[in-house]
Amino acid sequence: MNSAARWARRIRPVFTLYVPVTPFVLFALFPLYFMLVTSFKKNAELYDVNAVPFLIGRGVTFGHYELLSKDTLFWSWFLNSLIVSLAATVISVVLGVLAAYPLARLKFPGANSFGVAIFVTYLVPPSLLFLPLSTVVARLGLSDSLWALVVTYPTFLVPFCTWLLMGYFRTVPKEIEECAMLDGCNRLQTLVRILLPVAVPGVICAALFAFTLSWNEFLYALVFVSPAELKTMTVGVFSELIRGDIYYWGGLMAGACIGSLPIVVAYVFFLDYYVSGLTAGAVK
Amino acid sequence: MQLKTLNGDVAKAVGRGDGQARALSDLLVRDTPVAYAFIAPAFFLLLFLVAYPFVLSVWLSLSDARVGETGAFVGLENFQRLLTSSIFLQTLQNSIIFTAAALGAKTVFGMALALLLFRIGRFKRLIRGAVLLPFIVPTALSTLVWWWMFEPLYSVVNWTLKSLHIVSRDIPWLPDPYLAMFTVVLVNTWRGLPFFAITILAGLVAIPRELYEAAESDGAGPVSRFWHITVPLLKPVLGVVILFSAIFTLADFNIVYVLTKGGPMNMTHLFATYSFALGLQGGQISQGAAVSLFLFPILLIVVFTQLRMVRRATTYE
């Protein structure tokens with residue numbers, strides 16, 4: 001009786017928790033699994049309506065990855081994405097740290113209005129401004145260059161970084177900075193030498209999100225840059241692997257896999273940062 | 001310069017005690033030139049690349065500009081033309097349906113998932129990590145696999161349904177207007193669900209355990225505890241998540257552009273994709289700008305509500 005009750009207590013969560021959560025996990029993971037499986041399938045199997053689609057039944061092929069490397073500018077797109085994302089991330093984190101510090105710490109006329117302005121721009125979706133921005137980018141002579149993206153990505157990254165870092169800086173006690181200032185450090189020294197080392201998790205979080213958002217960006221990259229060799233990953237795979245009515249599904253899926261890989265790797269290593277950044281963005 | 005005087009003040013403050021120390025601490029937070037200098041780079045970036053484009057977008061929408069031409073002021077003509085255009089009215093209707101359906105699905109399933117994640121002990125990190133994945137993978141790329149999954153001839157969804165003898169013929173997911181809308185809502189839900197689940201989960205963690213214990217000792221069952229404790233206390237978090245997601249769902253571009261390009265027969269066009277089609281592909285930049293400005297009212301509503309909520313929260317503290 002006793003052991004039966006204990007067994008029941010141990011088995012119950014399986015039915016009340018793990019069984020109901022399974023459909024959610026499958027729903028989340030299946031498309032990504034299917035992406036991977038498709039990218040390794042031979043065309044003969046891929047386009048056989050009778051083959052079981054879930055598994056690789058007739059041998060693995062790297063042909064789609066080869067096609068991607070040899071017949072497309074895939075690695076240029078990869079490199080472009082990397083350059084743009086790194087540059088935009090560095091710019092945005094630096095500007096974000098600089099703007100977040102006075103907002104979190106100092107009293108000055110206009111502090112409130114600037115805080116609200118940051119919040120409003122944080123909520124502006126890229127699809128509201130892409131048309132006039134394309135005019136601005138053209139006037140600055142940046143159309144069809146990676147600079148167009150390096151300059152425009154910070155418009156949505158800086159508000160995010162500032163917002164996130166402002167919240168983070170507020171959790172750090174003021175006293176250590178005050179001591180540093182009394183010892184003769186100026187503001188910039190205090191910020192760089194005292195506050196930033198304590199706020200490293202917040203900075204990592206901001207950088208990770210900035211990089212992820214830049215890497216995943218699609219609309220600006222589609223609108224501002226048209227030469228094939230200057231495209232970023234997301235746009236290149238989408239627009240260059242579909243030629244008229246011919247879809248290279250194996251190649252598309254291979255491109256999607258490699259295109260997602262850097263983000264997934266970062267995600268696996270920094271899961272907790274992603275979780276905290278995600279909730280901080282909305283809850284604070 | 002300033003630091004030296006500060007140091008002098010410190011010596012005095014230390015000598016004179018508490019009130020003076022507070023005055024000193026106040027002195028340390030007043031540094032307007034430095035504050036402006038730190039904020040300047042971000043300020044000018046947002047001024048030139050957000051505020052100015054916004055003003056430009058209003059001007060464009062009131063002009064007859066085309067790509068490469070400046071155009072002349074035409075008043076509200078673009079808006080008048082839009083409001084009598086059947087494609088735009090269809091886009092308006094699509095946007096409402098798309099946003100309402102996707103937000104509804106994400107709220108209900110996000111809540112369910114959050115409640116499960118909250119109680120799961122074993123494999124917690126693994127399961128959380130797995131369900132969060134759709135949110136961080138590039139949407140333009142993950143939507144490609146959804147396209148492949150709903151491809152007319154080789155759809156894995158149709159294959160499964162046929163193998164299970166649920167249907168006998170292929171379902172035209174993307175060619176059929178209503179099913180296409182269902183599909184884009186489904187993909188948007190897939191991508192946005194993790195954000196809802198994780199944020200609601202953070203809200204759940206913040207609810208004091210004692211409330212549940214007290215309710216339980218008063219004889220409240222799980223359902224009544226959910227409606228009388230969980231839901232009311234989650235309301236602020238739910239409000240923020242839904243408002244926040246409302247903007248980005250309504251403004252969605254990637255999913256619709258990759259899956260349907262707004263078709264079939266404009267039945268899945270949203271403001272962003274229609275504005276893209278008009279302004280860039282059609283060259284009518286003024287009309288396109290007018291369409292995208294329809295996103296602005298929802299932005300205003302969300303900003304006002306959120307700011308009011310933030311103010312209320314701070315006054316209660």
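**A friendly note on chains A and B**

1. At 1.5 Å a residue its 13 residues should span 18 Å, and the end C-alpha atoms are 19 Å apart, which agrees. Please keep in mind as you read on that this is a predicted model. Which residues of H5(A) are buried? They are Phe114(A), Ile118(A), Thr121(A) and Leu123(A).

2. Helix H4 of chain A, residues 74-105, can be read in the same way. H4 has 32 residues and reaches 46 Å from its first C-alpha to its last, close to the 46 Å expected at 1.5 Å a residue. H4(A) is also mostly covered, with 23 of its 32 residues buried.

3. Next, have a look at the pair H9 and H10 of chain A, residues 175-182 and residues 187-198. Their axes come within 10 Å and cross at roughly 140 degrees. Because angles over 145 degrees would be needed for roughly antiparallel, H9(A) counts as oblique to H10(A). The crossing of H9(A) past H10(A) is right-handed. On the H9(A) side the contact is made by Ile176(A), Glu177(A), Ala180(A) and Met181(A), and on the H10(A) side by Thr190(A), Ile194(A) and Leu195(A). Sorted by class, this contact has 5 nonpolar, 1 polar and 1 charged residues.

4. Now for the meeting of the two chains. How many residues does each chain bring to the contact? Chain A brings 78 residues and chain B brings 84 residues. On the side of chain A that touches chain B, helix H1 (residues 2-39) gives the most, with 13 residues. That side of chain A divides into 59 nonpolar, 15 polar and 4 charged residues.

5. Turning to chain B as a whole, you will find 15 helices and 0 strands. Of its 317 residues, 41% count as buried. Among the contacts in chain B with a separation of 6 or more, 65% are between residues 24 or more positions apart.

6. The loop between H12 (254-259) and H13 (271-281) of chain B deserves a visit, and Pro264(B) is found there. The peptide bond from Gly263(B) to Pro264(B) is cis, with omega near -10 degrees. Lys261(B) has its place in this loop too, and its phi is near 55 degrees, a positive value in a residue other than glycine. Asn266(B) also lies in the loop between H12 and H13; Asn266(B) is not a glycine either, yet has a positive phi of about 60 degrees.

7. Are Lys261(B) and Asn266(B) buried, exposed or partly exposed? Lys261(B) has 15 other C-beta atoms within 10 Å, so it is partly exposed.

8. Thr273(B) is buried, because 25 other C-beta atoms lie within 10 Å. Leaving aside its neighbours within four places in sequence, Thr273(B) is in contact with Phe253(B), Val256(B), Tyr257(B) and Gly262(B). Thr273(B) can also be placed relative to Pro134(B): the two are 139 residues apart in sequence and 22 Å apart in space, C-alpha to C-alpha.

How values were computed
Residues are numbered from 1 along each chain as its sequence is written. Chains are lettered from A and ligands numbered from 1 in the order in which they are written. This is a predicted model: local features need pLDDT of at least 70, side-chain atom pairs count only at pLDDT 80 or more; totals for chains, interfaces and linings use all residues. Helices (H or I, at least four residues) and strands (E, at least two) are DSSP runs, numbered from the N terminus. The expected span of a helix is 1.5 Å times one less than its number of residues. A residue is buried if 20 or more other C-beta atoms lie within 10 Å of its own, exposed if 12 or fewer, and partly exposed in between; C-beta atoms are placed from the backbone. Two residues are in contact if their C-beta atoms, placed from the backbone, lie within 7 Å. Ala, Val, Leu, Ile, Met, Phe, Trp, Tyr, Cys and Pro count as nonpolar, Asp, Glu, Lys and Arg as charged, and the others, Gly among them, as polar. Axes are lines fitted to C-alpha atoms, for helices over the stretch in contact, and angles run from 0 to 180 degrees between N-to-C directions. Angles under 35 degrees count as roughly parallel, over 145 as roughly antiparallel, 65 to 115 as roughly perpendicular and the rest as oblique. A crossing is left-handed if the near helix is turned anticlockwise from the far one by less than a right angle, and right-handed if clockwise.
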